[in-house]
Amino acid sequence: MIDLPTARACVAHLAAGLDVTVIEPDDAAKYLDGAAGLLSLIPGVGPLIAQARAPIADAQERVSVTLPTPWGTAILLSRSAVVDGPSLLSVALHEFCHCRTIADVGALQSVTDYLGSGELRAFREADASGVGMWARYVVTGTLPAVDDASVLRSALYHLDAPDKLFARAVVSSLVASAEV
């Protein structure tokens, strides 16, 4: 089992090697508040931001995200990602997969692919889910069930039935390879 300080050290080391900024939940709130403040300067945007605050606060509890920014790629960790060492390592490695995609294809193409193709979104999330599950297996010795993959459990990814089946096949393959 890995403890939280050791997992944080591993994540920091990997982030430095990938030139990625990892932002913990309390710090993420500051960044999001700053971005909301800047956006609210645009006429008419203030009321939209006010409506979005509650869903964003809820998402910050359970959803970590990787964002390409003009200053580099950033990972905003959710509160649930930092509850223990295995969770942090698993979530961070999942998000590092997204960082690698952004580095490989570029930020604009990555966003375009993610928003424009359910199949690519399914593949990228399944790949990242499988890597996160592998990380959890390495540090706990317990192989997660395929159905535990975030891409298969969450409606967040807006996948239709064929894309979800494709994602399941990708996750199944990655989980099977972890058992070897």
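Visitor: Hi! How many salt bridges does the structure hold?
Guide: Hello! The structure holds 5 salt bridges. Keep in mind that this is a predicted model.

Visitor: Is Glu 24 buried, exposed or partly exposed?
Guide: Glu 24 is partly exposed, with a relative accessible area of 22%. Arg 8 is partly exposed too, at 33%.

Visitor: And what does Arg 79 pair with?
Guide: Arg 79 forms a salt bridge with Asp 26, with 2.8 Å between the closest N and O atoms. Arg 79 lies in the loop between β3 and α4, and Asp 26 in helix α2, so this pair ties together parts that are 53 residues apart in sequence.

Visitor: What about Arg 124, where is its partner?
Guide: The partner of Arg 124 is Asp 113, with the closest N and O atoms 3.2 Å apart. Asp 113 is in helix α5 and Arg 124 in helix α6, so the bridge ties together parts 11 residues apart in sequence.

Visitor: Why does Arg 124 count as buried?
Guide: Arg 124 counts as buried because its relative accessible area is 13%, and buried means under 20%. Asp 113 is also buried, with a value of 13%.

Visitor: New topic: helix α8. Which of its residues are buried?
Guide: They are Asp 163, Ala 167, Val 170, Val 171, Val 175 and Ala 178. These residues cover an arc of only 130° around the axis, which puts them on the same side of α8.

Visitor: Why would residues a few places apart point the same way?
Guide: An α-helix has 3.6 residues a turn, so residues three or four places apart point the same way.

Visitor: Nice. What do the buried residues of α8 pack against?
Guide: They pack against α6 and α7. On the face turned away from the buried side, you'll find the exposed residues Ala 161, Pro 162, Leu 165 and Glu 179.

Visitor: What caps the N-terminal end of α8?
Guide: Asp 160 does: one of its side-chain oxygens lies 3.0 Å from the backbone nitrogen of Asp 163.

Visitor: Last one: where is Thr 66?
Guide: Thr 66 is in strand β2, and it is buried, with a relative accessible area of 13%. A polar contact of 2.5 Å joins its side chain to that of Glu 95.

Note on methods:
Residues are numbered from 1 along each chain as its sequence is written. This is a predicted model: local features need pLDDT of at least 70, side-chain atom pairs count only at pLDDT 80 or more; totals for chains, interfaces and linings use all residues. Side-chain values use heavy atoms; hydrogens and water are left out. Helices (H or I, at least four residues) and strands (E, at least two) are DSSP runs, numbered from the N terminus. Buried means under 20% relative accessible area, exposed over 50%, partly exposed in between (1.4 Å probe, protein chains only). A polar contact is a pair of N or O atoms within 3.5 Å; within protein, one must be able to donate a hydrogen and the other to accept it, and residues adjacent in sequence count only if both atoms are side-chain atoms. The arc is that of the directions from the helix axis to the C-beta atoms. Contact means heavy atoms within 4.5 Å. A salt bridge is a side-chain nitrogen of Lys or Arg within 4 Å of a carboxyl oxygen of Asp or Glu.
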